[in-house]
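Hello,

Here is the structure I promised to pass on to you. Have a look at it first, and then read on for what turned up.

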Amino acid sequence: MTRVAIIGGGISGLSAAYALEKERVQGREVDYQLFESSSRLGGACYSEIVDGCVIEAGPDSFVSEKPWAAALCRELGIGDQLIGSNDNDRKTWIVVRNRLIPLPDGLMFLVPTKILPTAFSPLFSWGTKFRMARELMHPPRPMQQDETVAAFIERHFGREMVDRLADPMLSGIYGGDTDQLSVRATLGRFVDMEEKYGSLSRAMLVANKKMKEAMKDRPKPPLFTSLKNGMQQLVDTLVARLTPQWIHLDTAIQSIEKRDSKYVLQLSTGEAQPFDAVILATPANIAGRLLANIDTHLSEDLASIPYSSSATVILVYDIADLRNLPGGHGFLVPRSEGRRMRACTFVHNKFPHRAPPDKGVLRCFMGGANDAAILQLSDEEILAIVRRELREIVRLDAEPKIVRIYRWRGAMAQYPPGHLDRVDRIERAIAAIPGLGVAGNAFRGIGVPDCVRTGTAAAQGVLGIKEDTAKTAR
Ligand SMILES: Cc1cc2nc3c(=O)[nH]c(=O)nc-3n(C[C@H](O)[C@H](O)[C@H](O)COP(=O)(O)OP(=O)(O)OC[C@H]3O[C@@H](n4cnc5c(N)ncnc54)[C@H](O)[C@@H]3O)c2cc1C
């Protein structure tokens, strides 16, 4: 019997447990014990249903392009609960001096692919528009050294593009700062495009054409996928498949030691338990600390992956009070605007299934890499900031009927330049230590799909299944 410990009961740890449970049901001699320090499973994935509205505390969806989370939902039998974002009303606004300016049509992530909408957009100055036109002539350039996203985008389109677009977009995804994020780790596709084509706009046009041909006669998938009743549905369905007595809430792992061929875990209950294998599905800095007695270099590499903190503020209104709100999925706030709100999603537009017709839900994202101080404020102070900024940005003065504030301390991994080299070292070290696996958002993808992928792969890895890909969790 192989005894596996899983540390951390977020979506990564639960995916690992589910993969082991499947092996057990199929007759493999394995038992697993999942240890979660808090009193709840799901980690950053947490939803509540209040007054008919689905309120997402952490992730509200995942990108459809990465298949692992949706595939898991289908496997779990909740494929019929998957919903797509309402891309008919996909407009995103950028706040510029308290005005909402729409992202121009044809902008693919950060790259302009249509001349006229970009040329007439008030989002960019004529200097930037000129840079965009000149970018079409950018020569191919082999990437020698990793650089920041800001440096990379600035080389192509100028600083205004970084401030107005790249920074607010990546701030929404990573809670990060483009002056600190690695371009290879976060926008690796752009680096490949630059190597091959030089110009990102030209490369995007080629990619777009190929995609259109491949998707001919097929419906366009939604940009984001989620679950009707929120991301909690995935957590609850996963948990229902696990062996209940093997899940231990309110039990933190305090240290790990290797004694002979066993990993001995010290539990916060005072007990010590031996295991044949361990999967660390905690934030990487905690995993690093726990591995201090196993491998110093690995421990240091994991511990030095930085994390950002954030808060989400969800406000439920009577829909009549939102009549002045424009359509679209919401707005992004560039840091240069000097505000504390980084983004606001119009949930009732992005996922209409998540609010009854007479309600509107706004979800505001605060904090991130440069504003961890937001977590020090009281709920009243955070709410006052959000309401003032909504009043100034979208003239919304109405009293919200429901307010929820969630704080996420050190929840989102940051990928600084050199991150992928560090991850290569971590993967090599893990591969060399039998019975050890890591999973989570600290490696090659921040979102829920990558957590599902790494959790599953770590479980397969410690059992020696698909050793080549599983242990490296690529
Ligand atoms: C506000 C916010 C919005 C997000 N939005 C999106 C989105 O829209 N789409 C998307 O795809 N992703 C999004 N993400 C990212 C995504 O939610 C996370 O990457 C993912 O949920 C992380 O899952 P995890 O299991 O790896 O880690 P976590 O959810 O952090 O779980 C780790 C668990 O380990 C436990 N733990 C820690 N230390 C110990 C210990 N010593 N012993 C035992 N247990 C321990 C913790 O209590 C926690 O439950 C968002 C994240 C946040 C915070």
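Predicted model: local features only at pLDDT ≥ 70, side-chain atom pairs only at ≥ 80, totals over all residues.

Before the strands come up, one term: two strands count as paired if DSSP finds at least two bridges between them. By that rule, strand S1 (residues 2-7) and strand S16 (residues 277-280) are a pair, as four bridges join them and they run parallel.

**The parallel sheet**

S1 and S16 belong to an open sheet of five strands, in the order S12-S2-S1-S16-S22, with parallel pairing. Which strands stand at the edges of this sheet? They are strand S12 (247-248) and S22, and each has a single partner strand, so one side of each is left without a neighbour in the sheet. Helix H1 (residues 11-25) packs on this sheet and touches S1, S16 and strand S2 (30-35). The direction of H1 makes about 160° with that of S2.

**Two buried residues**

Leu14 is found in helix H1. Is Leu14 buried or exposed? Leu14 counts as buried because its relative accessibility is 0%, and the cut-off for buried is under 20%. Not counting residues up to four places away in sequence, Leu14 touches Gly9, Leu34, Leu41, Gly42, Val235, Leu238, Val239 and Leu242. Leu14 and Ile247 are 233 residues apart along the chain, yet 9.9 Å separates their C-alpha atoms.

The other residue I picked out is Thr237, which is found in helix H10 (residues 232-241). Thr237 has 16% relative accessibility and therefore also counts as buried. Leaving aside neighbours within four places in sequence, Thr237 is in contact with Leu76 and Ile78.

**The antiparallel sheet**

There is also an open sheet of three strands, ordered S13-S14-S15, and here the pairing is antiparallel. Strand S13 (253-259) and strand S15 (272-275) stand at its edges with a single partner strand each, so one side of each has no neighbour in the sheet. On average, neighbouring strands of this sheet are turned by 25° against each other, direction ignored. S13 pairs with strand S14 (residues 262-267) over six bridges, in the antiparallel sense. Among these partners, Glu257 is bridged to Val264 in S14.

**Helix H15**

H15 has 13 residues and reaches 18 Å from its first C-alpha to its last, close to the 18 Å expected at 1.5 Å a residue. Its buried residues are His419, Leu420, Arg422, Val423, Ile426, Glu427, Ala429 and Ile430.

**Around the ligand**

Finally, the ligand has 38 residues around it, and those that come nearest are Ser12, Glu36, Ala44, Ser61 and Ile446.

- Ser37: a polar backbone atom is 3.1 Å from a nitrogen atom of the ligand.
- Asp60: an N or O atom in the side chain is 3.4 Å from an oxygen atom of the ligand.
- Asn441: a polar side-chain atom lies 2.9 Å from an oxygen atom of the ligand.

Best wishes

Terms used:
Residues numbered from 1 in each chain as written. Heavy atoms only, no water. Axes fitted to C-alpha atoms, helices over the stretch in contact; angles between N-to-C directions. Expected span 1.5 Å × (residues − 1). Buried < 20%, exposed > 50% of the residue type's maximum accessible area, 1.4 Å probe, protein only. Contact = heavy atoms within 4.5 Å. Near = heavy atom within 4 Å. Polar contact = N/O pair within 3.5 Å; in protein donor to acceptor, adjacent residues only side chain to side chain.
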